[in-house]
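Please read the following report alongside the sequence and the 3D structure shown here.

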Amino acid sequence: MENVDTFIFICLCSWSLAGVFGVDEVKSVSVMEGDSATLNINDTDIQKEDQIMWRFGHILIAHINRKNNKSMVYDDKAGERFRGRLKLDNETVSLSITNTRTTDSGVYNITSKKSETPLNIFNLTVYAHLPVPVISRDCASSSSSSSPQQNCSSSSGSSVSKCVFLCSVVNVSHVTVSWYKGNSLLSSISVSDLNRCLSLHLECLDDSYSCVVNNPISNQTQHLNTELCQPCSEVCILCCGVTEAVIRLALSALVGVAAVAMLVYDIRSRSHQQKREQTSTSHTD
């Protein structure tokens, strides 16, 4: 449902931009952070205009004046975010942004001196590089089908699942996190905040499971290590946290000490009882 709402929102925004600015369509351009993005102008009528202005939102960032054959980029505008990274082609009037950053994402438009109505509109999206997802064992939730963490989504699975795994991504936004078995999609969530995870409940497994994080132009995959799936009761130190393991060992030691103390007390009590009985017998004789 979230993906549908997002798609409708983008469509409405594009329709609104086209309606307000009077252009037929908004051209979408997507690049990875660090790559160059070129906003190409292929319209010969635009290329023949005497004066051309490029804007980022409402901020003027480039200007071509064909009458005196001069061009200028204003890379000190918009908080100097474009400093040293704008290139303007005087012939095609196309604008290039080098070494792109996620903060370069937004709406760019080109206008002429004759009209303030944009002749072309570009919606640039710069995606950050994706981290490799991290798969970990969640021992505390291995016997439960509920979500193991407040910020973690659970895939559908049996309540008697033996293994619960968490696929985590951090410092990313607007990506999709998915569990696969081979090429078959098991579960998926759209991540809009920076730190999310997706759990997977398994009763048995093999090495065909994998977690994938992706955006529209790239993806990263982590394959499940089957050695992570061990019964918690048998290898607690491997699947549980160190703190929990220490607590369990301490409790086991306390129980052992208490048992020994009870045994010693019982032996001493019986010994004293026997001595009293012997003393009582000797006095009777």
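The report takes up the salt bridges, then an open sheet, and then a nonpolar surface patch.

This is a predicted model, in which local features need pLDDT of at least 70 and side-chain atom pairs count only at pLDDT 80 or more, while totals for chains, interfaces and linings use all residues. Residues are numbered from 1 along each chain as its sequence is written, and side-chain values use heavy atoms, with hydrogens and water left out.

**Salt bridges**

Two salt bridges are found when the whole structure is searched, a salt bridge being a side-chain nitrogen of Lys or Arg within 4 Å of a carboxyl oxygen of Asp or Glu.

| Salt bridge | N to O distance |
|---|---|
| Glu 80 and Arg 83 | 3.2 Å |
| Arg 85 and Asp 104 | 2.9 Å |

Arg 85 belongs to the loop between strand 5 (70-73) and strand 6 (86-88), and Asp 104 to the loop between strand 7 (95-97) and strand 8 (106-112), so their pairing ties together parts that are 19 residues apart in sequence. Strands, here and below, are DSSP runs (E, at least two residues), and helices are DSSP runs as well (H or I, at least four residues), both numbered from the N terminus.

For relative accessible area, buried means under 20%, exposed means over 50%, and partly exposed lies in between (1.4 Å probe, protein chains only). Arg 85 is buried because its relative accessible area is 3%, and Asp 104 is buried at 0%.

Four strands form an open sheet in the order 14-13-16-17, with antiparallel pairing, where two strands pair if DSSP finds at least two bridges between them. Strand 14 (184-191) and strand 17 (218-223) each have a single partner strand and stand at the edges, so one side of each is left without a neighbour in the sheet. From one strand to the next, the twist averages 20°, with axes taken as lines fitted to C-alpha atoms and angles running from 0 to 180 degrees between N-to-C directions.

Strand 16 (residues 209-215) and strand 17 run antiparallel and are joined by six bridges; Ser 210 has His 223, in strand 17, as its bridge partner.

**The nonpolar patch**

Ile 247, Leu 251 and Leu 254 make a nonpolar surface patch of about 310 Å². Such patches are made of residues with over 30% relative accessible area and no salt bridge, with nonpolar side chains (Val, Leu, Ile, Met, Phe, Trp, Tyr) joined within 5 Å, and accessible areas come from the Shrake-Rupley method with a 1.4 Å probe. Leu 254 is part of helix 4 (residues 242-284), and Leu 254 counts as exposed because its relative accessibility is 58%.

Note on methods. Patch = residues over 30% accessible without salt bridge, like charges linked within 9 Å, V, L, I, M, F, W, Y side chains within 5 Å.
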